[in-house]
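Subject: Structure handover

Hello,

Here is the structure for your files. My notes on what turned up follow below it.

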Amino acid sequence: MKVFEGNHLFLLLFSLLFAVCSANALSYDYTASIEARVMVNPEFDHGLTGWSTFGGAKIEERVSEGGNKFVVAHSRNRPYDSFSQKLYMQKGKLYTFSAWIQVSDGNVPVTAVFKTSAGYRHAGAVVAESGCWSMLKGGLTVASSGLAEPYFELHRFMDEQKPMQTRKSNVRFQAVDCQGRTLAGATISLKHKKLGFPFGSAINKYILNNTAYQNWFASRFTVTVFENEMKWYSTELSPGKEDYSIPDAMVSFAEQHGIAVRGHNVFWDDPKYQPWWVYSLSPDQLRAAVEKRISSVMSRYAGKLIGWDVVNENLHFSFFEDKLGGYASAAFYKRAHQLDSGTTMFMNEYNTIEESKDGESAPAKYLQKLREIKSYRQNSGPTGVGLEAHFRTPNIPYMRASIDTLAAAGLPIWLTELDLQKDPNQARYLEEILREAHGHPAVKGIVMWSGWHPEGCDRMCLTDYNFKNLPTGDVVDKLIGEWSNGKLVGTTDSNGFFETSLFHGDYDMTITHPSMMNSSMTQSIKVASTTGTSLETAMHIQCLVEAETPQYGGGIIVNPEFNCGLEGWAVFGQGKTEERRSDRGNRFIVAYNRTQPLDSFSQKVHLEEGKLYAFSGFPLLLCLFIKHNKQDKFFLRSTVSEGSETVTVVFRTHDDQLISGGIVAAKHGCWSMLKGGIVVNFSSPAELYFEASCFWIFLLQSKNTTVEIWVDNVSLQSFTKEQWRSHQDECIDKVRRRKVRVQVTDTNRAALAGATLSFKQTKTGFPLGCAMTKNVLTSTAYQNWFASRFTVTTFGNEMKWYSTEKHRGQENYSIPDAMVAFAKQNGISIRGHNIFWDNSKYQPWWVEYLPPEELRKASAQRIDSVVSRYAGQLIAWDVVNENLHFTFFEDKLGQNASASFFSRAYQLDPKTTLFMNEFNTLEYSKDTLASPEKYLQKLRQIQSFPGNEGMLAGIGLQSHFGSGQPNIPYMRASMDMLGATGLPLWLTEVDVAMDPNQVQYLEQILREGYSHPAVQGIIIWSGPQLDGCDRMCLTDNNYKNTPIGDVVDKLIDEWKSGTLVKTADSRGYFKISLFHGDYDVTVTHPATKNSASLSLKVAKEIPDKTVHLQIHA
């Protein structure tokens, strides 16, 4: 049905009889109905007494030919326009609901909804038809006693476009040649390598020795779950005798084939499915046994799985709650988050979407249990909704309504064990369920419970003994084919564009063109829901055909767009300049006949001491820089006449000093964007600002004198320090804080004016930390000083290769192990620094002279050893340190050495973010080796390496600033360019060289980093005097702050809310803006000694919210 609002809705009496389609409604069965005692006039024998219009419908009573009376809603314009009755419902009671439903036209899903004081509750659904009566059956509980209004919603069937909108994105490609000219008629071939939507099936141990089973499975599925092999009764058959050999082998098989694994399960709450020896344990013995179990299995597979079913079926059963207390499940989830913090922890239940009559696992009960788990002692880790989906005959409308209800929690929903009882219509029912789930935007994955067994399947098989498809297998293969693009070929239009809609997943894209003779170009792309509705990609050249309009009208630059010829511009050096026009009429300046690198053009501008000047521009590719904040952006467009050359913007002072303001690799045939900036500060008394003005020269430099330099749309804007600081503070308020509104009521929901609210921040949300050395292990003072301030750390040298394997084959992790343990005990996150260092000077002594094959073996042993040891325990890895400045491994192992190291790290620890880590990308505008553009070029090379699709990548910026005024505008411009990728930026080793103004400079750098929305964490490369500070100390030997330490403590205090006490207004409300982090909130009222408390988490991904607190007044 495309339109359903005009449909008439007929309702005839209530009953608990089974649902059929009948020309006449069956007689009313009072003995089976609870609602008959609640509903007024259920059979309409008294006209419309007790009934009223809901929404904008009109209602009337009608009589069938057989004399049955019923109510009709007509003149409907909205889905919920129907009829209703006000009822009083009591908290804690179970209500069953049924009604006979008919519609005037077609077949339409109808849902029964109860509007209550606590929200809307779905009670059941059915597909109603015209010409016959269908029974809608369901039930519900209510969160609080009070009035409720049942009404009916009519839905259209799942629109065929809906799954496409949910699982596909629009993609636009443009083909250009090496001169930047668009290529019409280019052939673009796209091959879908891997589905983006996780779709799989259970497996069992029989797959390990059956090649046919392995080939059949790996050719279809991207995710799996083990039937029994990871369960407690399988891994610990006798107390203390654990055996993980089978699940280890199954995990290895999955990893080898790129198949994700769900961990099933840590505990099962059904008493029938415990290890035999568990039943005789006392509560204390059981508590010790479950701690050993959860620590063992989760530590073993931490970081290797995409989800854990922590407690299976804890709505239907309560083995552990009966033995260990009502919060047993919640405590297990708390422990699970501690052991594998980055992995999603699921509840896993049956009948939540399968059976509307099962009150134990109804969506409302599921969410109630989930809230109990998440509210237990700040259980704030990633959580998911697992729905086993063991169907008999599917009720698709009820399934949809239940998923809708669960989806309101905002958590990922998975169908985890989907199967159907044996039935002549099994294949058809399976297809209906799979389509419904795949089409629902809240469903993030589907796993079927159809593992192959030699003796046959329990309920649902996909193949026969020889792996030939059964009808259910045909359905699965049909849908896999339908939900992928396979191979797609298209041709670019006259502007070089090709647009298409692609299912999410990984693709190989190949482009050919008649002008390319027999050559072609291939690259990998990933299409995902996070890409947005449109992804634009340019093949081969990433640049603009025309420069775009300058911001701020060019700022202080005269004639920035060259609309007035060369007015304001002059020759610099010995070259010549002229104005030219593009084919489209755009004007620009050209420097030609150049003989020296500085031969170009210039403009005199007035710069003032103490001001900050910035360049930046619009992105070269929108898909790469779509997140740019348009404030404070200044830009310079440049190109060269042939090839690709480095172009630098330089300022020459009145005393002939040359100061670099930024660098770009300009390409022939297209406009490249140069971003940068400078701070104007004289460094000697001779340069005091006693004059009214000082003229500086702005120019461009290219060392290759054979090329011309073209420039258009120049912009230069100035800021006072106060303006710059104001912008920082504004950004901090936007990106590091959230607004929270609290309402205080009594137990009758009456507002409590004058209530006192206390907010105490227990943990900051932004990771701000400091490096740590092994000295922390032996100094209590060091430990107390560190743990009281910082939430994240990096080890100075203790995890580096030359520290853990001083002699080949003799590894010693005792020191980093102890440091990891200390950090965990104090809730301090750790960045892994580093796996490899590309500088030849910092290798283990025995590594430097290894032949290539021996180095390959040694490096493989190193990465497998260190990453496997700490997988799932760290928040990040610096995989290769300083691989822009140095190339030790590339020189020995080939140019893809770094990329291959990232690939292996990704395999070993797929949930942890993997970083490059470089110096001078922010700090020094003259360092061409590590410019933002060179950084992104290297990062793209790593990301495009086979096997790195989907890798969590991060941008590590060491931030070792030299003496003298740091170039804060250049720092911001660089972070803008890098942050436009959407990847997390971390300042990983911040320090400042000794300088009289060292304290002031450090504060400027930290404020700039903290205020930038792309920066996700900062680590200071310093510590107490005990560590023997190289450049910067935070304390002396007695842990008394140095001035540097004072600045750090000042900012820590400034960037947290501390303890705030406020009073609620006359309506019981109070509004507050809080820094991200964890809070304890307490409320008291003058009229009572009672108080109420809750734990609150404020984070950027959590929207502004209203928190409700009740207090006994």
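**Helix contact**

I396, M399 and R400 in α9 meet E432, I433, E436 and A437 in α10. Sorted by class, that contact between α9 and α10 holds 4 nonpolar, no polar and 3 charged residues. Please keep in mind that this is a predicted model.

The crossing of α9 past α10 is right-handed.

**Strand pairing**

Strand β14 (residues 187-195) pairs with strand β24 (residues 487-491) through 5 bridges, and the two run antiparallel. Strand β14 is also joined to strand β26 (residues 505-512), here by 8 bridges and again in antiparallel fashion.

**Disulfide**

How many disulfides does a search of the whole structure find? The search gives 1. The disulfide links C457 to C461, with an S to S distance of 1.8 Å. Its handedness follows from the torsion about the S-S bond of C457 and C461: the value is about 120 degrees, so the disulfide is right-handed.

Regards

How values were computed. Residues are numbered from 1 along each chain as its sequence is written. This is a predicted model: local features need pLDDT of at least 70, side-chain atom pairs count only at pLDDT 80 or more; totals for chains, interfaces and linings use all residues. Side-chain values use heavy atoms; hydrogens and water are left out. A crossing is left-handed if the near helix is turned anticlockwise from the far one by less than a right angle, and right-handed if clockwise. Helices (H or I, at least four residues) and strands (E, at least two) are DSSP runs, numbered from the N terminus. Contact means heavy atoms within 4.5 Å. Ala, Val, Leu, Ile, Met, Phe, Trp, Tyr, Cys and Pro count as nonpolar, Asp, Glu, Lys and Arg as charged, and the others, Gly among them, as polar. Two strands pair if DSSP finds at least two bridges between them. A disulfide is a pair of cysteine sulfur atoms within 2.5 Å.
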